[in-house]
Amino acid sequence: MAAQDTIRFVPERCDGCGDCMKACSKAKGSASRISVVAGVGQGWEMALCRQCGDPKCVANCPAGALDKHGGTGIVGWSAELCVDCHLCTLGCAYGGIAFDPTAGHVQKCDMCDGAPACVLACGKGALQHLSAAARLHETHADKEDMFVPGLSACQGCNSELLIRHTMRRIGRESIVAAPPGCIPGMGTVGYNGQTGSKVPIFHPLLTNTAAMLGGIKRQYERKGQDVTVVALAGDGGAVDVGFQSLSGAAERGERVLFICVDNEGYMNTGMQASGSTTFGSWTSTTPVGEIGRGKSTDGKYLPQLMMGHGCAYVATASTAFLDDYHAKLEKALAASRAGFAYLHVHAPCPTGWRFPAAMTTEVCRRQVESNFVTLWEFTPADGLRFTRGVERPRPVADYVRMIGKYKHLAPADLERIQASVDRRVETLQGFRRRPAAE
Amino acid sequence: MNQLTPNSSRMIVCDGNEAAARAVVLARPDVVSVFPITPQSSLVESLSQFVADGVLGAELINAEGEHSVLSALQGACLAGARTYTATSGPGLAFMFEPYVRTPGLRLPMVVSLVTRDMLSPQCVWGGQQDAMSVRECGWIQIYCEDVQEVLDTVVMAFKLAEHKDVLLPVNVCHDGNYLSYGVSRVEMPAAGLVDEFLGEAAVNWHIALDPARPMAVDPLTGGTGPGGAASFVGYRKSQIRGMASALDVFSDIHAEWGERFGRHWAPLVEEYRLDDADIAIVTIGSMTGAGKDAVDAARDRGEKVGLIKVKMYRPFPRGAMIAALSKVKAAGIVDRSVSFAWDCGPLHQDVMTALFASPVRIPLVGCIGGLAGADITAEHFARVIAATAQAAGGDIPASPIWLNEHD
């Protein structure tokens with residue numbers, strides 16, 4: 001799967017020559033799908049599809065003719081499904097989709113199979129084809145990795161990827177809490193006098209991570225020193241025995257960034273169920289047998305509870321959408337200067353959930369495409385905002401069937417999971433701030 | 001403000017909880033975390049008011065429970081803060097998980113235990129069962145006799161905890177009800193002199209969470225891997241050394257306190273009218289006052305009775321206890337809690353253990369009183385003295401005397 005690409009417009013370099021439009025028109029044999037337009041002040045602006053993370057054109061389309069591809073990130077248009085209502089053009093604030101009179105229907109940028117003609121045609125460098133990898137490279141390549149090589153995470157685990165990305169961004173002026181779980185289990189805190197990290201790192205108890213971080217932060221605030229204190233916690237230390245201290249620290253608005261890496265159970269110690277374990281899951285304490293059919297209740301959905309604490313920032317993330325994660329990490333870091341910031345990152349576990357190690361990112365993506373996992377962010381002022389649309393999800397069965405821990409489930413169980421997924425989306429939609437005009 | 005941290009000592013009237021809070025003001029901690037529990041609540045209320053009034057310039061963390069109280073202080077201490085809190089009974093039980101970890105991290109914090117009997121039966125009154133239940137956790141434990149001793153000892157405890165040869169957390173225990181709410185005249189030492197006495201906090205030079213000194217704090221240690229066992233044993237032995245050092249260090253601190261402030265407390269065990277005594281009673285905490293009255297009354301009757309007050313209980317001052325007991329022919333030991341291992345109290349056990357390490361062999365009479373807020377009066381102590389005198393003559397009770405059994 002390709003990383004998610006976009007076209008960047010650099011207005012300072014644009015002289016309005018129109019070569020890009022000609023190239024697009026020629027490549028597509030129709031009207032140009034991008035337009036150079038006069039800017040508000042001096043210079044030029046570009047009407048261009050941004051391939052939005054939460055595309056309004058897709059949300060507006062009543063026919064299912066527009067869809068954001070989970071892999072490429074490209075918002076695609078289907079001639080078969082389109083009913084020519086043009087509601088999509090009203091949704092887009094960027095002029096990225098418009099009626100093309102020569103073609104007789106709406107048209108939009110499809111990124112020319114990865115080699116956009118407009119970019120190739122621009123001799124001024126005003127258009128740049130930017131992959132997600134390139135963007136991350138631009139912002140993070142020169143940053144130091146804060147963990148030693150050779151952490152011993154299971155094959156296919158996305159937690160190592162996540163913590164390396166996270167701490168590269170946060171850097172050395174930080175203190176990391178890694179409560180008991182997979183993250184210290186892979187060697188980040190070290191063993192017998194040796195450390196696995198270049199930054200100060202410690203094992204809190206499973207129960208007290210947020211409280212300890214709050215105490216650390218208070219003392220550095222007292223000393224007038226700007227130190228980022230961050231938890232790299234599992235779901236057990238957040239939703240179960242760690243919940244009280246997390247709740248208290250959130251209520252007190254401690255200036256802490258708490259990242260919960262949710263693999264839906266105590267995977268480091270042999271795959272026991274946690275409060276986050278989802279309905280139907282096989283775990284070593286919710287086994288499947290003559291009578292037992294896996295976990296009999298739904299998981300506790302912590303991000304929603306954190307919204308209830310009025311945290312400065314709450315967001316969910318998936319490592320299949322790293323761009324989205326990095327954007328949220330930036331916001332969470334900024335928010336943690338003034339209050340409690342909470343990131344909930346989903347971490348499918350190949351070892352404990354029983355799927356091939358090479359499939360982790362695909363599992364992550366399928367979680368999101370099926371709404372089993374929704375991507376959103378929340379602030380008390382702006383309410384909840386989905387950063388990826390939740391309309392027209394794949395059936396949750398498409399996701400569940402990839403995972404070994406669900407293989408015993410009956411059709412009725414799948415219906416129950418689908419119903420609870422649908423209910424959760426509906427509940428989350430209720431946390432959106434409605435425009436004042438409505 | 002000046003009233004709370006005067007430039008010269010002065011007299012005030014307050015209870016033990018307020019005395020502890022005023023001692024904390026004098027010690028100038030960086031971070032204080034609080035959660036209320038009977039009979040400690042007025043102590044943390046005082047602290048909160050002192051912070052609100054600007055008298056105590058500490059970060060105040062109103063945590064959601066004792067578990068987080070101590071956890072927040074652990075974090076603050078690792079970041080270099082002088083720290084303080086207070087708890088009691090069920091609060092101490094809830095705090096247990098971070099509590100038991102603190103000594104191994106060698107975090108020199110001071111925590112007052114306003115002692116309370118343990119549930120169940122449900123009770124909210126004084127007793128030392130809470131503190132005695134955690135006597136093997138690695139915290140230094142000190143018991144106070146009166147309100148002035150509470151104030152002086154809380155200040156001294158910071159110096160003890162932070163001493164480089166000790167580096168251990170300290171519990172200063174004062175009895176719920178009798179000291180928490182008992183009001184008396186107290187001399188407040190001068191703040192400037194206390195600053196000189198305590199010096200700058202030095203709490204995290206040995207272990208720190210500090211970007212300027214990156215390290216892994218408390219990685220996995222031990223196991224059967226290379227060097228694991230040696231490493232773990234090394235840490236444990238140094239912890240034991242810190243405990244052992246506390247005896248001499250606390251004695252030196254008391255001597256300095258006496259020189260600076262004119263009050264000379266016995267740091268380990270106090271001997272009261274013991275030198276020519278035939279028998280002694282052994283006390284701990286606030287009961288000592290009534291015990292001394294009973295000794296005085298017995299002396300008035302011509303009976304040669306003395307008293308041994310235990311101030312430092314962990315580490316147990318074995319040498320000082322042996323030296324005191326070697327002066328008498330029998331001793332009656334009064335516990336304000338029970339041991340479920342033997343049919344006696346925990347102090348009784350410790351005294352017996354100490355004696356076994358010496359050639360001194362004298363009969364001991366076990367007494368248990370003051371549970372769940374019950375009073376131990378001079379009359380109760382008269383019974384202890386009588387039973388101890390009988391024991392000196394060979395009539396040793398086979399099981400403890402329950403002082404309040406018929407009250």
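## Helix packing around α9 of chain B

In chain B of this predicted model, α8(B) and α9(B) are roughly antiparallel to each other, because angles over 145 degrees count as such. The angle between helix α8 (residues 191–198) and α9(B) is about 155 degrees, and their axes lie 11 Å apart. Axes are lines fitted to C-alpha atoms, for helices over the stretch in contact, and angles run from 0 to 180 degrees between N-to-C directions. The crossing of α8(B) past α9(B) is right-handed, that is, the near helix is turned clockwise from the far one by less than a right angle.

Helix α7 (residues 147–162) of chain B also packs with α9(B), at about 130 degrees and with the axes 10 Å apart. α7(B) is therefore oblique to α9(B), the class left once angles under 35 degrees (roughly parallel), over 145 (roughly antiparallel) and 65 to 115 (roughly perpendicular) are set aside. α7(B) likewise passes α9(B) in a right-handed crossing.

## The largest pocket

The largest pocket holds about 1200 Å³ of space. A pocket is an open set of points on a 1 Å grid over the protein atoms alone, where a 1.4 Å probe fits, with protein on both sides within 12 Å along at least five of seven lines; lining residues have an atom within 4 Å of a point.

The lining comprises 38 residues, with Gly104(B), Leu105(B), Tyr235(B), Arg236(B) and Gln239(B) nearest the centre. Two or more residues come from each of α5 (96–105), β9 (216–217) and α9 (228–261) of chain B. The largest share, 9 residues, belongs to α9(B). By class, 22 lining residues are nonpolar, 8 polar and 8 charged.

## The second largest pocket

About 810 Å³ of space lies in the second largest pocket. Its lining has 38 residues, and Arg135(A), Phe321(A), Leu322(A), Asp323(A) and Asp324(A) are the closest to the centre. At least two lining residues come from each of β1 (5–9), α5 (132–140), α12 (322–335) and α14 (360–369) of chain A, with α12(A) giving the most, 8 residues.

The lining of this second largest pocket divides into 12 nonpolar, 13 polar and 13 charged residues. Domain 1 (5–136) and domain 2 (144–429) of chain A each contribute at least three residues to it; the domain bounds come from an automatic or database domain assignment.

## Basis of the values

Residues are numbered from 1 along each chain as its sequence is written, and chains are lettered from A in the order in which they are written. Local features need pLDDT of at least 70 and side-chain atom pairs count only at pLDDT 80 or more, while totals for chains, interfaces and linings use all residues; side-chain values use heavy atoms, without hydrogens and water.

Technical notes. Grid points are joined across faces, edges and corners, and a volume is the space filled by probe spheres set on the points. Helices (H or I, at least four residues) and strands (E, at least two) are DSSP runs, numbered from the N terminus. Ala, Val, Leu, Ile, Met, Phe, Trp, Tyr, Cys and Pro count as nonpolar, Asp, Glu, Lys and Arg as charged, and the others, Gly among them, as polar.
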